[in-house]
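These are my notebook entries on a structure that I looked through piece by piece. I wrote down each thing I looked up, together with the cut-offs behind the words I use.

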Amino acid sequence: MKYIDPESIKSTFSILNESGIDYILIRNINNEIPEKLVEGKDIDILAKYSDKNKLNELLVQSGFSRIKHPNGKDLRLYNVNKFEFHMDKNGVILDVNYQLVCRSLDAGQWIPLDEYIQGSAWQNKKFVEAKELNYWRLGHEDEFITLIVRCIFDKKMFIPGYISRIEEIYDYIDPSDVKRKLGLVFFKYAPLLFEQIKLRRYSNIIRNYIQFKDY
C-alpha cells in the first residue's frame with residue numbers, strides 16, 4: 001500500500017489557510033490525513049460557492065489540475081452544485097463540495113442537507129492546530145450529523161472507521177443540538193436513531209429506519 005507524501009498534503013492545507021478562502025475539511029476517518037492517505041484517495045472539503053472562481057484560480061496557481069469527478073454524471077437535486085476533483089502532480093486530490101449533501105435511498109440522487117445545517121457548518125467551524133496539520137473542521141455536532149448521514153444514505157452501513165469517530169466525539173456534542181439537526185433529516189425517526197447510537201446498536205439502525213412508519 002502506497003501513501004501520498006504527507007508533506008504535499010501539509011503544503012496544500014498551508015496554501016488554503018494562507019489564502020483566506022473559507023473551507024472546511026469534512027472528515028478525516030481513521031486520521032488518514034496527512035500521514036496515511038492511500039494513493040488515489042481524495043480529501044473532501046467544503047467550500048462556499050461564492051468563492052468558486054477564487055478557489056479554482058488558487059488551485060491552478062498551486063499546481064492543481066481539474067480532473068473528471070467519478071460522480072460527475074450523478075443526478076443532483078435542489079440546486080446541489082457539481083462536485084469538483086482537483087489533483088496536483090504529487091497525487092493530492094481535493095474533492096470540493098459546495099454543500100453538505102447525501103444520497104437519497106431510492107435512486108441515489110444527491111440532495112443537500114437542510115439549510116440550517118449548512119449555515120451551522122460555517123458558523124461553528126473550528127480551527128485545529130496540530131503538529132502534523134493545521135486545518136478548519138466541522139464543529140462536533142455537525143460532524144456527528146454528517147457521519148451518521150453518510151453511513152445511512154451513502155455507505156448503507158456503519159463501518160468501523162465511522163463508528164470509531166462517532167464514539168470519539170460523542171462526549172463532546174450537545175445532544176439537544178444534535179437531536180434538532182437529526183430531526184431535519186430523519187424527522188420522527190430522529191429520537192430513536194439517537195438512542196440507538198447512544199446505546200451503540202449500529203447494526204439495526206438502517207433496517208429500523210427503512211421499516212419506520214410513524215411519520
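Entry 1: I began with Y202, which is buried, with a relative accessible area of 11%; I use buried for under 20% relative accessible area, exposed for over 50% and partly exposed for what lies in between, with a 1.4 Å probe and protein chains only. What I am reading is a predicted model, in which local features need pLDDT of at least 70 and side-chain atom pairs count only at pLDDT 80 or more, while totals for chains, interfaces and linings use all residues. Residues are numbered from 1 along each chain as its sequence is written, and side-chain values use heavy atoms, with hydrogens and water left out.

I then looked up F158, which is also buried, at a relative accessible area of 10%. F158 and Y202 form a tilted aromatic pair, 5.6 Å centre to centre, with 35 degrees between the planes. For this I count rings of Phe, Tyr and Trp (its six-membered ring) as a pair if their centres lie within 6.5 Å, and I call planes under 30 degrees apart stacked, over 60 edge-to-face and the rest tilted. F158 lies in the loop between α4 and α5 and Y202 in the loop between α7 and α8, so this pair ties together parts that are 44 residues apart in sequence. Helices (H or I, at least four residues) and strands (E, at least two) are DSSP runs, numbered from the N terminus.

**Entry 2: other rings.** How many aromatic pairs does the structure hold? I find 13 of them. In one of them, the rings of Y49 and Y98 have centres 5.3 Å apart and planes at 85 degrees, so I note the pair as edge-to-face. Y49 sits in the loop between β2 (43–47) and α2 (52–61) and Y98 in the loop between β5 (93–97) and β6 (101–103), so that distant parts of the chain, 49 residues apart, are linked. Y49 is partly exposed, with a relative accessible area of 44%, whereas Y98 counts as buried at 7%. I also noted one aromatic cluster, formed by F153, F186, Y189, Y209 and F212.

**Entry 3: helix α7.** Which residues of helix α7 (residues 190–198) are buried? They are A190, L193, F194, Q196 and I197. They cover an arc of only 160 degrees around the axis, which puts them on the same side of α7; the arc is that of the directions from the helix axis to the C-beta atoms. I looked up what covers these buried residues and found that α4 (140–155), α5 (160–169), α6 (175–186) and α8 (205–211) are included. Just after α7, R200 takes a positive phi of about 60 degrees.

**Entry 4: K125 and its partners.** The charged end of K125 sits over the ring of W136, 4.2 Å from its centre; I say that a charge sits over a ring if NZ of Lys or CZ of Arg is within 6 Å of the ring centre and within 35 degrees of the ring normal. The side chain of K125 also meets that of D22 in a salt bridge (3.2 Å, N to O), a term that stands for a side-chain nitrogen of Lys or Arg within 4 Å of a carboxyl oxygen of Asp or Glu. K125 lies in the loop between α3 (115–123) and β8 (126–129) and D22 in the loop between α1 (6–19) and β1 (23–25), 103 residues apart. At 16% relative accessibility K125 counts as buried, while D22, at 26%, counts as partly exposed.

**Entry 5: further salt bridges.** A search of the whole structure finds 16 salt bridges. One of them joins D177 and K181, whose closest N and O atoms are 2.9 Å apart; both residues lie in helix α6, four residues apart, about one turn of the helix, and both are buried. I also noted a network of salt bridges that links D74, R103, R150 and D154.

**Entry 6: a residue in a strand.** Last I looked up V96, which lies in strand β5 and counts as buried at 0% relative accessibility. V96 and L46 are 50 residues apart in sequence, yet 6.0 Å apart in space, C-alpha to C-alpha.

Note on methods:
Contact = heavy atoms within 4.5 Å.
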